[in-house]
Amino acid sequence: MKRTLLALATAVPIVFSAHAADKVKVGFISTLSGPNAAIGGDIRDGFNLAIKLAGGKLGGLPAEVIVADDQLNPDVAKQNADRLLKRDRVDFVTGTVFSNVVLAIAPQVLESKTFFIGPNAGPAQYTGAQCNPFFFVSSWPSEAYSEAAGQYVTQRGFKNVVFLAPNYQGGKDAANGFKRYYKGKLAEELYTKLGQLDYAAELAQIRAAKPDALYVFLPGGMGINFIKQFVASGMSKDIQLVVPLWGSDQDIIRAVGDPMLGLFSLGHWTIDLDNPANKRFVAEFEKEYKRLPTGYAASGYDTGLLLDASIRKVKGKIEDKEALRAALKSADFKSVRGDFKFGANQFPVQSYYLQVVAKTADGKIAHKTMGTVLTNRGDAYVQDCKMK
Amino acid sequence: MSGILLLEQSLNGLQFGLMLFLLAAGLTLVFGIMDMINLAHGSLYMVGAFLAATFAELTGSFWLAVGLSLVGTALIGMALEMSVLRRLYARDHLSQVLATFAIILIANELVRIIWGPQVPLSTPPALAGPVQIVPGLDYSSYRLVIIAVGLAVAVLLYLAVARTRAGMLVRAGASNREMAIAMGVNIKRLFTIVFGFGAALCAIAGAMLGPILAVQVGMGESILILAFVVIVIGGIGSIRGALVGAILVGVVDTMGRAFLPALLREFLRADLASALGPALASILIYVLMAAILFWKPQGLFPARG
């Protein structure tokens, strides 16, 4: 029945276009407890800020955000998704942090023809043959940060690099991305359990491998613990540590402090990017939450802007999924990251920047943009996506 | 494989094992003497870490905080024993598991309400850096202190159990509870003391590991599983078994994570080895447990003759 209605709605939009929806419901499934809770919290705060600045609305429609905690557990996430799709009948699902959670809930979200907007992890599977009209990622394809990292360590002339990531989808994507652009020798490729907090065994192996640089892909609390233990181990003075943008963001700076200075990272956004949208975002975020935003918060905020612009473009008629999809795909808004567009697979094509952790003029510790490492970069699998 | 790597990994294994021992010691006594399965043991570890973080914030001294947390957690443990757990001794294991699992859930939510999901606890500044042990190996000084604390507690515990009157009663209770009661041991008071003692050991482990890991809700559950593996390997009720089992588990887990992937790479394709290695390493201690139970079903050092 529902499907017939939907088919009718898309086939003869004129009949239904007489009335627009009276509100928009967003299901926000995110990791909000455990050592990685800060990530979900940042995405949520950024997303909510975008809605708040739009007067509690998305594209003119009153917005209702239903938040659910996935506890970084794919089974819990599936139950959340089930409830949001069947009981709450949300129009969008977003908020997800980890790729294993995305992979767990995506099938049922896409099956129900509800738009999924990934504000963080963008698993590589969905960039290629598995691409789907209802699947968008507003942040970055999951290999991209690591591609930029590979490019950067190659440019810097490092020849003996250790790679470390958790043993899960995101970690494997990171390895693929890094190896695609890194031209030197991979001294060691280490994988840990997702959520591991003690890195003593890995640190010993890194010491034994004697690398000149180290690229670690450890989100959230894992990264905080690793960097603390890396500094305590005394290796930080001999080995150049390189991380993804979030590997040295404000959550980690708060926890680790001064030893973070001079650390290099790669990402699609930096706090000091010079564009009006970003300046407004950073100022409003600091005013609202009394802390500096992270890349996660920036992605959450951009996701809010994307929904806002797209719903406005279809004049609130979110039942017209074809039109809504076209509007989403056009990404017609001023992103805090500067210029970006969606590729054919609905993943971002954008620039990746090098940042360094430095003291700002007013004594805070924050990222400073050092240059652009990759320009107009999409992903390696878009040619496998046959979607129109 | 270089000597330095082996030395460093041995230290890591020892450090991890000794902290496991602190948890397992309390668990094995409670299980051995009271025949009580206490899943909430990990919650006391969590409470100990949260108390330490709070006291560290209030007093500004890490070591004072560890001491205060030890006392506080012991009191909480004893209160828990007198109010709830005491009523479970006569019940079967299933009721005990259900009731103490409920305590885990309650404790997690209470801690979340009082402190929030996570609190900061940092290494004392003097121990934040590395020290050189041998040329080419700078080791975290804080981890060395953990090893020292763990060894000191192990020695004290051994002396307390082997040489004191209270320790004798504990051993008597562990090897034959009915006979100990028949001989006039005030078993009720003994249980409360043993429980408080186990809670204090949990607090030391929680407070010492807090700065390295993270002080967060639910931190007790994952380590509790390992503590159970330790006491099953070591023999339920045996302190010596807990020590040997804990160090065995600590070293095997660390060495497995460190050397198994490299070992597999010698025999298998690189991508297969990198997929299989971490997975195998994480189940290694369970393989160890299964193997030990196959040859010694009572564990390495059974307390009951």
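This is a predicted model: local features need pLDDT of at least 70, side-chain atom pairs count only at pLDDT 80 or more; totals for chains, interfaces and linings use all residues.
1. Setting aside neighbours within four places in sequence, B:I204 is in contact with B:L22, B:V66, B:L70, B:V149 and B:V153. Keep B:I204 in mind, as the next points come back to it.

2. Which residues touch the most other members of the largest nonpolar core? They are B:A24 and B:I204, in a core of 220 residues. Helix 1 of chain B (residues 3-34) is the top contributor here, giving 17 residues. Chain A is involved too: domain 1 (2-140 + 274-346) and domain 2 (144-267 + 352-378) of chain A both give residues to this core, so the core lies between them.

3. B:I204 also turns up where helix 3 of chain B meets helix 8 of chain B. On the helix 3 side, the residues include B:V66 and B:L70, both of which are also on the contact list of B:I204. By class, the contact has 15 nonpolar, 6 polar and 1 charged residues.

4. Now the geometry of that pair. Helix 3 (residues 62-83) and helix 8 (residues 187-209) of chain B pack at an angle of about 140°, and their axes are 7 Å apart. The crossing of helix 3 of chain B past helix 8 of chain B is right-handed.

5. Over to the domains of chain A. The C-alpha centres of domain 1 and domain 2 of chain A are 28 Å apart. Across the boundary, 19 residues of domain 1 of chain A are in contact with 20 residues of domain 2 of chain A. On the domain 1 side, helix 3 (37-53), helix 5 (99-111) and helix 12 (295-313) of chain A are the elements giving two or more residues. Helix 5 of chain A gives the most, with 3 residues. That side of domain 1 of chain A splits into 12 nonpolar, 6 polar and 1 charged residues.

Terms used:
Residues are numbered from 1 along each chain as its sequence is written. Chains are lettered from A and ligands numbered from 1 in the order in which they are written. Axes are lines fitted to C-alpha atoms, for helices over the stretch in contact, and angles run from 0 to 180 degrees between N-to-C directions. Helices (H or I, at least four residues) and strands (E, at least two) are DSSP runs, numbered from the N terminus. A crossing is left-handed if the near helix is turned anticlockwise from the far one by less than a right angle, and right-handed if clockwise. Two residues are in contact if their C-beta atoms, placed from the backbone, lie within 7 Å. Ala, Val, Leu, Ile, Met, Phe, Trp, Tyr, Cys and Pro count as nonpolar, Asp, Glu, Lys and Arg as charged, and the others, Gly among them, as polar. A nonpolar core is a set of buried Ala, Val, Leu, Ile, Met, Phe, Trp, Tyr and Cys residues joined through C-beta atoms within 7 Å. A residue is buried if 20 or more other C-beta atoms lie within 10 Å of its own, exposed if 12 or fewer, and partly exposed in between; C-beta atoms are placed from the backbone. Domain bounds come from an automatic or database domain assignment.
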